[in-house]
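The following paragraphs lead the reader through one protein chain, from a single residue to the chain as a whole. Please keep the sequence and the structure in view while reading.

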Amino acid sequence: MEFTNSIGMKFRLIPPGEFMMGMTNGEVEALASLNPKDEGWKTRCLSFAPAHKVRLSLADQGGVGVACRAGTTTPWFHGDHEGALRAVAWFNANSNGRTHAVGQLKANPFGLYEVHGNVWEWCQDWHDAQAYSQRGPGPTGDPQGPVAGSSRVVRGGDWDSNSACCRSAFRDAYGVGHRDHRNGFRVLVGVSVSRSSR
C-alpha cells in the first residue's frame with residue numbers, strides 16, 4: 001500500500017517483523033580491523049531540518065531495521081555478496097563522493113530505496129553503547145533505548161561509507177548538535193490497526 005501526503009511525500013506500508021538485532025563482539029572486531037587507521041568512517045554528525053511545518057516522526061532503530069531488511073536475514077537486503085551492493089546503494093565504491101537523488105538504484109522488497117548508503121538515517125532512539133551486549137541472542141521485539149542521552153542512533157551508512165558500514169545490522173551514533181551533509185532521515189507516519197471482534 002502506498003499513499004502521498006498533502007506536500008507530496010510518498011509513504012509505503014511496512015508490515016511488522018522480527019529480526020536479529022546487534023552485532024557479536026567478533027563482528028565488531030572484524031569491522032574495526034578493516035582499516036584501523038581510518039577514523040573517517042566514524043564521522044559523527046546529524047541533520048534534522050525539515051523544510052515544511054509538518055509534524056513528522058522518526059522511526060526507532062528497530063523499525064528502520066525491519067524496513068531495511070524487508071524480511072531478509074542476510075548482511076544486505078539483496079544477499080551476502082558485497083559486489084552486488086553497487087546495484088542498491090550509493091557508498092564509497094560508486095558514489096563519486098556525493099549524495100544522489102533517491103530512486104536511481106534498485107528498491108528493496110518493500111519498495112524502499114537507498115536503505116543502504118547515500119545518507120545515514122537518524123533514528124529516534126538515544127544511543128547506548130552497552131545496549132546490545134546486554135541483550136541475549138535471538139530475535140527481539142521492538143527494543144527501547146535509553147530515555148535520554150546526548151547522541152542518537154543512525155543506520156544505513158552513507159555515500160562515503162565502506163560496504164561494512166552499509167550492512168543491515170550496522171549502527172552508529174551521532175551527537176544531537178552535529179550537522180553534516182552525509183546524514184538525513186526517513187519520516188514515519190503511524191498507522192492504527194483495528195481488529196474486528198468475532
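Why does S95 count as buried? The reason is that S95 has a relative accessibility of 1%, and buried means under 20% relative accessible area, with exposed meaning over 50% and partly exposed lying in between (1.4 Å probe, protein chains only).

The model is a predicted one, in which local features need pLDDT of at least 70, side-chain atom pairs count only at pLDDT 80 or more, and totals for chains, interfaces and linings use all residues. Residues are numbered from 1 along each chain as its sequence is written, and side-chain values use heavy atoms, with hydrogens and water left out.

S95 lies in the loop between α2 (61-69) and β5. Leaving aside residues up to four places away in sequence, S95 touches W90, H100 and W159, where contact means heavy atoms within 4.5 Å.

The chain contains 2 helices and 10 strands; these are DSSP runs numbered from the N terminus, helices being H or I of at least four residues and strands E of at least two. Along the sequence, their order is β-β-β-α-β-α-β-β-β-β-β-β.

Among the strands, β7 (residues 151-155) is mostly covered, as 5 of its 5 residues are buried. Two strands pair if DSSP finds at least two bridges between them. Strand β5 (residues 120-126) runs antiparallel to β7 and is joined to it by 3 bridges; here W122 has V154 as its bridge partner. β7 also pairs with strand β8 (residues 171-175), in the antiparallel sense and over 5 bridges, and in this pairing R155 stands opposite R171.

The next topic is the interior. A nonpolar core is a set of buried Ala, Val, Leu, Ile, Met, Phe, Trp, Tyr and Cys residues joined through side-chain atoms within 4.5 Å. The largest such core has 13 residues, and those with the most contacts inside it are L85, V88, A89, F91, L112, V115 and C166. A second, separate core of 7 residues includes W120, V154, C165 and F170. In soluble globular proteins, nonpolar side chains tend to be buried together.

For the chain as a whole, buried residues make up 41% of the 198 residues. Of the contacts between residues at least 6 apart in sequence, 73% join residues at least 24 apart. The chain exposes about 11500 Å², of which carbon and sulfur atoms supply 52%; accessible areas come from the Shrake-Rupley method with a 1.4 Å probe.
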